[in-house]
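Please study the sequence and the three-dimensional structure displayed below.

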Amino acid sequence: MKIINFCVNLVQKYLPEPFVLAILLTLIAALTAMPICHQTPLEVVEHWGDGVWGLLAFSMQMSLILVCGATFAGAPAVKKGIRKLAALPKTPSSAIATVTLISAVACWLNWGFGLIVGVILAKEVARVCKGVDYRLLIASAYSGFVVWHAGLSGSIPLTMATKGDALTNATNGALTEPISVTSTIFAPQNLIIVLLVIIAITIVNTLMHPKGEHVVCVDPELLYEKEETATKTDNSPAAKLERSRLISILITLIGFTYLIVKIGMHGGSVDLNAVIMLFLFTGILFHGTPTAYVHAFTKSAGSAAGIILQFPFYAGIMGIITGVGASGICYGTVISDACIGISTPTTFPLLTFLCAAVLNLFVPSGGGHWAIQAPVMFTAGADLGVDPGLTGIAIAWGDAWTNLIQPFWALPALAIAKLNAKDIMGFCLIDLLITGLIICGGLLVWAL
């Protein structure tokens, strides 16, 4: 408990607002890129500026999944179901364990779904369970995110399983044939690591619950959202259309038909866009009328402010890390090469994992990791005789692991919970240490 309190106080004292952290990381990346990559200040600024808009599409996706997910959760029938589930735990410890377990399993199934559902459940649990620490509850919901990249929506394993020239070109010819998910996501070694991590964070989060005066509860009234009753005084044709359930049903049928055809009949993947569409059209259906959905969506839209503001700065950092100046040196390649230089076939997956973990602090994006590390790591892994599936999953775990202390991905959860990053990162730091030991040990055993 002393260690936990120390970590919580440390983060509270020294972790700045996420936007300020994004600016500090930008400055660190820029100042270190110049001597390491022999780039001029002007080159670094150009790389940063060219990269700023590189995540616009992804920023829109993240904003939509947050707002559509929160809007769907606000539907009367969904709120009723969440309240029933939230009423199951009767003690603070069981509340923490329940939220952690459900969030982790949901994130393994699909990261976008799990990230939203976990924190919404946590808020409802905080409303009905007396004596539970609200900070730890939200941290528990977010901690489950650590398993996402080893799960069904992991972008790197799914990219590796996709045949085409893009795979060969991205890996500099190291991969000419796709790597089946049976060698990555569904590899027994990976499934064991996932299981151990979920069990560990569930136990650790439960044990971390503060005692006595250290518990920080939230006033349930602050979490209560007043139900809005729609008035039906306007009977004009336009108003009737706005209140028409038929319109909601018709557009929902179109959306669901597309998803069934795309995924069920054409074998498409359940990617981020599919999850957004699922939240969107299910939300429209559950809210009943177009006007009810519009009001709920508008109410949820403000929670996307942090994403809209900060994602361009992280895209700029990605531009610095991936940019190549007149010297021909790429910052990301320098970090990867340093890892390779001290590797053996046994330690290569572990060092790949640690390299990805460091890069994730500056480039918190699975696609960014693939662009930086795939050309280097898969070539080096092939030279050392390392299973390419193991190399890919090591990069994926590294990308996911340091999300526990990188507030980039916590922004949607924090927006819904109405907390700051420093409120939860002290607890997440403990989870980082525990899960790091499990993942490192698992990768070493897998390599052996």
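The exercises below concern a predicted model.

**Exercise 1.** Determine how many residues of helix H8 are buried.

*Solution.* Helix H8 covers residues 134-143. A residue is classed as buried when its relative accessible area is under 20%. In H8, the residues Tyr-134, Arg-135, Leu-136, Leu-137 and Ile-138 are among those that are buried. Ala-139, Ser-140, Ala-141, Tyr-142 and Ser-143 are buried as well. The count is therefore 10 of the 10 residues, so helix H8 is largely enclosed by the rest of the structure.

**Exercise 2.** Classify the geometry of the aromatic pair formed by Phe-72 and Phe-286, and state which helices hold the two residues.

*Solution.* The structure holds 8 aromatic pairs. In the pair of Phe-72 and Phe-286, the ring centres are 5.6 Å apart and the angle between the planes is 75 degrees. Planes over 60 degrees apart count as edge-to-face, and the pair of Phe-72 and Phe-286 is edge-to-face. Phe-72 belongs to helix H4 (residues 56-73), while Phe-286 belongs to helix H15 (residues 272-287), so the pair ties together parts that are 214 residues apart in sequence. As to accessibility, Phe-72 is buried at 18%, whereas Phe-286 is partly exposed at 37%. Together with Phe-279, Phe-72 and Phe-286 form one aromatic cluster.

**Exercise 3.** Classify the geometry of the aromatic pair formed by Tyr-293 and Phe-297.

*Solution.* The ring centres of Tyr-293 and Phe-297 lie 6.0 Å apart and their planes stand at 40 degrees, so the pair is tilted. Both residues are found in helix H16 (residues 290-301), with a separation of 4 residues, about one turn of the helix. Tyr-293 is buried, with a relative accessibility of 7%. Phe-297, at 26%, is partly exposed.

Methods: Residues numbered from 1 in each chain as written. Predicted model: local features only at pLDDT ≥ 70, side-chain atom pairs only at ≥ 80, totals over all residues. Heavy atoms only, no water. Buried < 20%, exposed > 50% of the residue type's maximum accessible area, 1.4 Å probe, protein only. Phe/Tyr/Trp six-rings, centres within 6.5 Å; stacked < 30°, edge-to-face > 60°.
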